[in-house]
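This report describes local geometry, packing and contacts in the structure shown below.

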Amino acid sequence: MVLLHVKRGDESQFLLQAPGSTELEELTVQVARVYNARLKVQRVCSEMEELAEHGVLLPPDMQGLTDDQIEDLKLKDEWGEKCVPSAGSVFKKDDIGRRNGQAPNEKMKQVLKKTIEEAKAIISKKHVEANVCVTMEMVKDALDQLRGAVMIVYPMGLPPYDPIRMEFENKEDLSGSQAALSVITESEAQLWWAAKELRRTKKLSDYVGKNEKTKIIVKIQRFAVPPSFQRGQGAPAREPVISSEEQKRLVLYYHRRQEELKKLEENDDDSCLNSPWADNTALKRHFHGVKDIKWRPR
């Protein structure tokens, strides 16, 4: 099995295994699915953290309004009244006005937070350092855990416009959001290795050979336009030879070295030349036996 270290730009994402005989059309789709599914888990975790703190999402026409404005406009959060968490819930107002403030009690909050931590651990980028591969089944398991935690805390369900429910039902609308810039659709996905585009019409072995114990670093990016029109947006930018931390240490070292050389140039004291160890004729006089002769003129 060929081990693929998938990156997005210079940032590591996950490890994936595939036989060398795999068609690159199939492999590209597989990498894109795992990549996008991990992003989905991250989005759900982010919204569930807000759910644990401030309750369910307000209707779109009530978001961002003050209590007085809601009262003047006679708006009503019907779904929020239905989605009241278990007894002991506390009111914690959402400062940005997205959620109704009816947070679950401390016990239910811990259920959500613990599940969020477990889901993040499943898709963690630390798996790259631990040499652990991520599969689509692992990511689906993380989503199932998150879905189960929400059902425990909110058995009556979430509003249809809540982003968490929309994510679970694959109805999320990311248009105009920052998250949309990270998502790469399967049809637009493009893999690069060693400054070479991995053409979908070929096999993985056409590029890496038949050695199944190979490990390569591939970068995923999207086509600038659909692949039917042109090859793509070009090779990804090369990574720097040294990291930023190493570069800082080198700059600091050369700065100190320059300061030392500068001090040596400024030090023009030549009194040391009168020292015995600086006499370049000392050895000659030693062999001639005239080492300790002293004389003085009359």
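## Hairpin and strand pairing

In the hairpin of β1 and β2, which has two residues between the strands, G9 adopts a positive phi near 70 degrees. The model is a predicted one: local features require pLDDT of at least 70 and side-chain atom pairs count only at pLDDT 80 or more, whereas totals for chains, interfaces and linings use all residues. Residues are numbered from 1 along each chain as its sequence is written, and side-chain values use heavy atoms, with hydrogens and water left out.

Strands (E, at least two residues) and helices (H or I, at least four) are DSSP runs, numbered from the N terminus; two strands pair if DSSP finds at least two bridges between them. Strand β1 (residues 2-8) runs antiparallel to β2 (residues 11-18), and seven bridges join them. With β7 (residues 215-222), β1 runs parallel, joined by five bridges. L3 illustrates both pairings: its bridge partner in β2 is Q17, and its partner in β7 is K215. Six of the seven residues of β1 are buried, so the strand is largely enclosed by the rest of the structure. Here buried means under 20% relative accessible area, exposed over 50%, and partly exposed in between, for a 1.4 Å probe and protein chains only.

## Nonpolar core

In soluble globular proteins, nonpolar side chains tend to be buried together. A nonpolar core is defined as a set of buried Ala, Val, Leu, Ile, Met, Phe, Trp, Tyr and Cys residues joined through side-chain atoms within 4.5 Å. The largest such core has 49 residues, and those with the most contacts inside it are L27, V41, M48, L146 and I220. Helix α1 (residues 24-54) contributes the largest share of this core, 14 residues.

Contact means heavy atoms within 4.5 Å.

## Helix α4

The 17 residues of α4 (residues 106-122) should span 24 Å at 1.5 Å a residue, and the end C-alpha atoms are 25 Å apart, which agrees; the expected span is 1.5 Å times one less than the number of residues. Its buried residues are M108, K109, L112, T115, I116, A119 and I122. Seen down the helix axis, these fall within an arc of 150 degrees, so they line one face of α4; the arc is that of the directions from the axis to the C-beta atoms.

The buried residues of α4 pack against α1, α5 (126-129) and α6 (136-153). The face turned away from the buried side carries the exposed residues K107, K114 and E117. At the start of α4, a side-chain oxygen of N105 reaches to within 3.2 Å of the backbone nitrogen of K107.

## Q13 in strand β2

Q13, found in β2, counts as buried at 5% relative accessibility. Its side chain makes a polar contact with the side chain of R38 (3.2 Å). A polar contact is a pair of N or O atoms within 3.5 Å; within protein, one must be able to donate a hydrogen and the other to accept it, and residues adjacent in sequence count only if both atoms are side-chain atoms. Not counting residues up to four places away in sequence, Q13 touches V6, K7, R8, Y35, R38, K125 and V128.

## Positive phi in loops

N131, in the loop between α5 and α6, has a positive phi of about 60 degrees although it is not a glycine. N131 counts as partly exposed at 49% relative accessibility. N170 also has a positive phi, near 60 degrees, and is found in the loop between α7 (163-168) and β5 (189-193). N170 is exposed, with a relative accessible area of 58%.
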